[in-house]
Structure formats: structure tokens, C-alpha cells
Amino acid sequence: KAIEFHRVRGEQTLKLKIVLNENYELWEILWTMVNIKKKISWQTAKTTGLPDDCEIDLETVAVTICGGGNGAHAGAAMLSHQGCKTSMYLSLKKEAAKLKHGIEQGGIKCEQLILDELIQYRGAPVVSDDASIVGGSDVIIILAPGFAHESILREIKPFLKDGALVGALPAHGGFDLVAKHVLAERIEDVTLFGTVSLPWAARIASYGMRVEILGTKEELPMSCHPRVPRVPIVQLFNSMFIGTTFPLGNDFLEITLWPANNIIHPGILYGQWKNWEGTPLHEKPLFYVGLDDFAASKLQGMSDEIQQVKIAVEKELGLTLSVPELSGFLLQSYGREIEDKSSLKRIFQTNPGYQGLTHPMRQTGEGNYVPDFSSRYLTEDLPHGLAVLRGIAGLVNVPTPCMDEVLSWGQNACGQKYLDNGTMTGKDVSHSGVPQRFGYHQVSELIF
């Protein structure tokens, strides 16, 4: 348990933190002196830059979050609490009405676990099913599955104001290519951004009313177009989000190649269900914590193939790309929280943010469950994840036997087709972020 006090002294703030043990006895006292920074508006920061002795006044920042799922709940509660003028856009009227009704009961309460400290706050964003709500927004954050990105971009495109920041959390799986395709001539009017994953693992406890953040990533790499942003977007995001910083990457290709859900979700599903013969289970198996040696080997194999693709891309383009191995990414994100870092399998199994999360399942009878292969772990993480990785590998002629094995199984399981006779020409490529969909046949065409 911890109690924190702030007291202003001149141009500094004294932060005093009193920590109690489980018996509510004094454990330690921590104190720091922090310089008070002058607040300036986002418009001023955009125009003149952000001096070191200043910070952005979040009350001058208007944000629209597109989506209504776990991540959107967490983001809306957090940014509203931080002072941003926050709205949420959902195109489905019934869903928007349901969300609005929940928020009207007292706002979205968020419970966020950072290390062993639980912080709680509330946010009350405005909800609309009208895309024109983004017209007044400085920042538009798409917190929705990858398969929804294209339709959302089409809906909001007519209302985007010049200079707006438009992006997705996460933005892997060719988000930049989809955005370039949809926004077309407007792509240079905005700053495009994206991250390699969500800032947290979140779960809705009560729709429109309560959300739990189970694990918070310490660092979340971000990429932008243009590569060197015209505005201080990194400083803005570092101010808006609690517990996460956003280092700037070199190119969107880093996000696309980053080993995250694009290999984690399909790989774990493959390991669990590749030999399943249709017999229902009596309980839902654990997803991340249930990782076995076989699935871990496939995840490592796909991570190794990503590194081979990265090296080939760097050689062809003359770029330096910062793309870690899978274990490196997990340690970068959750390093303080993971108990056993000895192997990839143990990293998954001892991450507190992964505890209790189960495989996506359908109930077929009382106490009987079968895997739900229509979940986003395949319907999103293949067309806007693993298939995109495989498409880029094809552009630089890098063989990917592990990716091919998992992708072939996954597309058969969910009834889709991307990889066809060794090439990315399957019937469902047209609804994906695969480079070949947009007529790209050279990796140099992915840089814009």
C-alpha cells in the first residue's frame, strides 16, 4: 500500500511517498524534488516546438478513440482522466448506445496494475456513432482490430483536419500501406503514427463502466510518417499515457516486422490445436501460461525468420532497422514484472499480465468447450500480421518454413487463404495488409 503527497515549493514540487507493508506498518519513505514545468498548449507546441522547461497542457488536446473494445475502454478512461478532451467513435449505433449508457452511470473506472501498485481513476469520454466527431480532434487513435482499420479510415477521412495525428495502437500488419491506400492524397496532410502493440493487456469488466489493465508496457516503440515528425508527437504520447514511454523508431517497417501478436497468437494456437480431432474440452486451456515446448519452438523459429528478413531488407534498402527477437520484445515490455527470464517459455509463463488468460473458446454444451477459430487471433493476426510478414519475406526471397507451417494451418482453421502454392496470391489477400495486395513487388516500394 502506498500514499503519495505533493507539495509545491517555489519552482519545484516535493513528492513524498509513504509505503506500508501488508500489515499497514511503515515500510519506507521515499521523496524526490521535481522541477515544475510551464504548460503550453498543443497548438503552440506544434507551431514553435516544445522547450525542455515546458510540458504540453493536455486540456488543450482533443482526442478521438475509434473502437469500443478492451483497448479502447482503457485508452478512453486514461486519456480522459489525464485531462484530454476525449471522445469515442463507434460506427455501430447499438454498440455506441450501449457504451454511452454505461459511461453515463459514472464514467469508465480503470484499475491499472503497474508492478505491484494498483492505481485507479475514472474517465468520462463523449460517445458518438457519427464519424464527423473526429473533425475537431488533434489526435485520432484507432484502438480496434486490424481488419477494422480500413473501414474506419474510410469513414473518418472526409472529416480529418489538416495537421491531425492519425494512427493505430497497434499498427503492425501493413497499417501504413492500408492508410496510404485509403487516405491517398490526404496522407501528406496528417502525421501518421503507429506502435508495435497495445500499451497494456486490458480486459473489460463491465461494458462502458469498468476496465482492468493487467500489465503495462514500460516502453512501446512508435513510428511515424513522415519519419521525422513535424510535431512533438513523442512528448505528447509520453504525457498522455500512464506508465509507458514511446521511443521513436526509424521506419514503419520496424512495426510491421516487429515480433508481437502477429506470431504469438497464431503460433500458440497452432501449438495447442494442430492435432485436435474435435473432442470438446471440459475447461478452457490457458493461453500464454499454457505454452509448451513445441509451441515455444515455433515462436522462436518465426522470430528467427523475422531477423533473417530484417537483415535482407536492411541490405537491400541501406536502412538500419531496430527489430528485436521475440524474447527481447517481451523483456523490453514487461521486464520488471517477469519472474523467470531463463527461456522464452518461462518468460510467457511467469508474466503476471498473462496469468489467467485462456484460449478463445465456444461453449457447445454444459461444461463443454471447443476452440473458436473465428477469433481475432486468426481473423486479425493472419491478414494483418503473419501473412504480411510472409509477404515481405517473399519480396526479399527469404525462406520461412516456420511461418509457412503456422500460416498454412491457421488459414485452413479459419477458412481463409493467403498463402497459395508458396506465393501470397490467395483469395483473401484482397482484404489484408499484405504488400502484394497493393501491387508492390519490390521492398523499396514499401518506403514512402
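This is a predicted model: local features need pLDDT of at least 70, side-chain atom pairs count only at pLDDT 80 or more; totals for chains, interfaces and linings use all residues.
Reader: How do H9 and H14 pack, and at what angle?
Author: Helix H9, residues 293-317, meets helix H14, residues 401-414, at about 125 degrees. Their axes are 8 Å apart. That angle makes H9 oblique to H14.

Reader: Is the crossing of H9 and H14 left-handed or right-handed?
Author: H9 passes H14 in a left-handed crossing.

Reader: Which residues make the contact?
Author: From H9 there are Phe294, Lys298, Gly301, Met302, Glu305 and Ile306. H14 supplies Pro401, Cys402, Met403, Glu405 and Val406. By class, the contact of H9 with H14 has seven nonpolar, one polar and three charged residues.

Reader: Switching to cavities. How many of 30 Å³ or more?
Author: The count is two.

Reader: What volume does the largest have, and what lines the cavity?
Author: The largest cavity has a volume of about 60 Å³. Its lining is Asp176, Cys224, His225, Arg227, Asp251, Phe252, Leu446, Ile447 and Phe448. By class, that lining has five nonpolar, one polar and three charged residues.

Reader: And the second largest cavity, what volume?
Author: About 40 Å³ for the second largest cavity. Gly174, Asp176, Leu177, Leu253, Thr256, Val388, Ile392 and Leu446 line the second largest cavity.

Reader: Which elements give two or more residues to that lining?
Author: Helix H5 (175-183), helix H7 (252-257) and helix H13 (382-395) do.

Reader: How does that lining divide by class, nonpolar, polar and charged?
Author: The lining of the second largest cavity divides into five nonpolar, two polar and one charged.

Methods: Residues are numbered from 1 along each chain as its sequence is written. Side-chain values use heavy atoms; hydrogens and water are left out. Axes are lines fitted to C-alpha atoms, for helices over the stretch in contact, and angles run from 0 to 180 degrees between N-to-C directions. Helices (H or I, at least four residues) and strands (E, at least two) are DSSP runs, numbered from the N terminus. Angles under 35 degrees count as roughly parallel, over 145 as roughly antiparallel, 65 to 115 as roughly perpendicular and the rest as oblique. A crossing is left-handed if the near helix is turned anticlockwise from the far one by less than a right angle, and right-handed if clockwise. Contact means heavy atoms within 4.5 Å. Ala, Val, Leu, Ile, Met, Phe, Trp, Tyr, Cys and Pro count as nonpolar, Asp, Glu, Lys and Arg as charged, and the others, Gly among them, as polar. On a 1 Å grid over the protein atoms alone, a cavity is a set of points where a 1.4 Å probe fits but cannot get out, and a pocket is an open set with protein on both sides within 12 Å along at least five of seven lines; lining residues have an atom within 4 Å of a point. Grid points are joined across faces, edges and corners, and a volume is the space filled by probe spheres set on the points.
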